[in-house]
Amino acid sequence: MYKKAVSALALLNLLFLFGFLCLRGVEENKLASRPAYELKADESILADSKSSSMGIVSAAASGQRVVDFDVLKKELAYDLEDQDLEILLRIVEAEAGGEDEEGKLLVANVVLNRVNSVKFPDTVSEVVFQRENGVTQFSPVANGKIWKVQISEETREAVGRALEGEDISQGALYFAARKYADSNKMKWFDENLTFLFQYGGHEFFR
């Protein structure tokens, strides 16, 4: 009788172990079949899946494409040459050094909007140094300030956002600081352009 009880208990233990392993296998298969971005969002699942340092490689089913979100970078909407990037950073710093990050982003947006417009040249450098009847488009180019600025980290952040495609400018192609602008220039803006909005010390037009 005692031997039968021990045998029954051992059998129950084996059945329990077998059932646990089956359930574990089902959970891992469900885990492997889920999209990578879902797994990333659920930290408890990641902890249970014994994921590798490269993301969720060990949890992925064979053949499943795995994205390492820890190192994934946003794709740039604008891939500038080094010279154009330097000029963009400098003109944003020169024009909006006293503005907050949104104000700097807006200036970067205007320059990139011009690059995309058929009304203006096709590169950042050409846009920034463009002259109409011998007159520069940006005052920091005329007075040389563009070459004297120290580019701040906030300016780099703002330009980075613009290059990633963030645009809060409503399509603006022009901006001006009315307080400092030539009165004749502002008169031309008011009579020939569409006023969009004001932010910080700049008014934006299209």
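Let's start at one pair of residues: Tyr 199 stands opposite His 202 in strand 5. Strands here are DSSP runs of E with at least two residues, helices are runs of H or I with at least four residues, and both are numbered from the N terminus. You are looking at a predicted model, in which local features need pLDDT of at least 70, side-chain atom pairs count only at pLDDT 80 or more, and totals for chains, interfaces and linings use all residues. Residues are numbered from 1 along each chain as its sequence is written, and side-chain values use heavy atoms, with hydrogens and water left out.

Now look around that pair. Strand 4 (residues 195–199) and strand 5 (residues 202–205) pair in the antiparallel sense through four bridges; two strands count as paired if DSSP finds at least two bridges between them. Together strand 4 and strand 5 make a hairpin with two residues between them, and Gly 200 in the turn has a positive phi of about 60 degrees.

What is the order of the strands in the open sheet? The three strands are arranged 3-5-4, with antiparallel pairing. Strand 3 (174–176) and strand 4 are the edge strands, each pairing on one side only. From one strand to the next, the twist averages 25 degrees, with axes taken as lines fitted to C-alpha atoms and angles running from 0 to 180 degrees between N-to-C directions. Strand 3 and strand 5 pair over three bridges, and Tyr 174 has Phe 205 in strand 5 as its bridge partner. As a general point, strands of a sheet pair through backbone hydrogen bonds, either parallel or antiparallel.

Let's step back to the whole chain. The protein chain has nine helices and five strands, running α-α-α-α-α-α-β-β-α-α-β-α-β-β from the N terminus on. Of its 206 residues, 37% are buried, a word that means under 20% relative accessible area, while exposed means over 50% and partly exposed lies in between (1.4 Å probe, protein chains only).

Which residues touch the most other members of the largest nonpolar core? They are Leu 88, Ile 91, Val 111, Val 124 and Val 128, in a core of 39 residues. Such a core is a set of buried Ala, Val, Leu, Ile, Met, Phe, Trp, Tyr and Cys residues joined through side-chain atoms within 4.5 Å. Among the elements that give two or more residues to this core are helix 4 (82–96), helix 6 (124–128) and strand 3, and helix 5 gives the most, with eight residues. Beyond its neighbours within four places in sequence, Leu 88 is in contact (heavy atoms within 4.5 Å) with residues including Leu 80, Ala 108 and Val 159.

Finally, consider the charged side chains. The structure holds seven salt bridges, each a side-chain nitrogen of Lys or Arg within 4 Å of a carboxyl oxygen of Asp or Glu. One of them joins Lys 104 and Glu 154, with the closest N and O atoms 3.1 Å apart. This pair links distant parts of the chain, since Lys 104 is in helix 5 and Glu 154 in helix 8, 50 residues apart. Lys 104 is buried, at a relative accessible area of 1%, whereas Glu 154 is partly exposed at 33%.

Arg 178 lies in the loop between strand 3 and helix 9, and Glu 203 in strand 5. Glu 203 is buried, with a relative accessible area of 11%.
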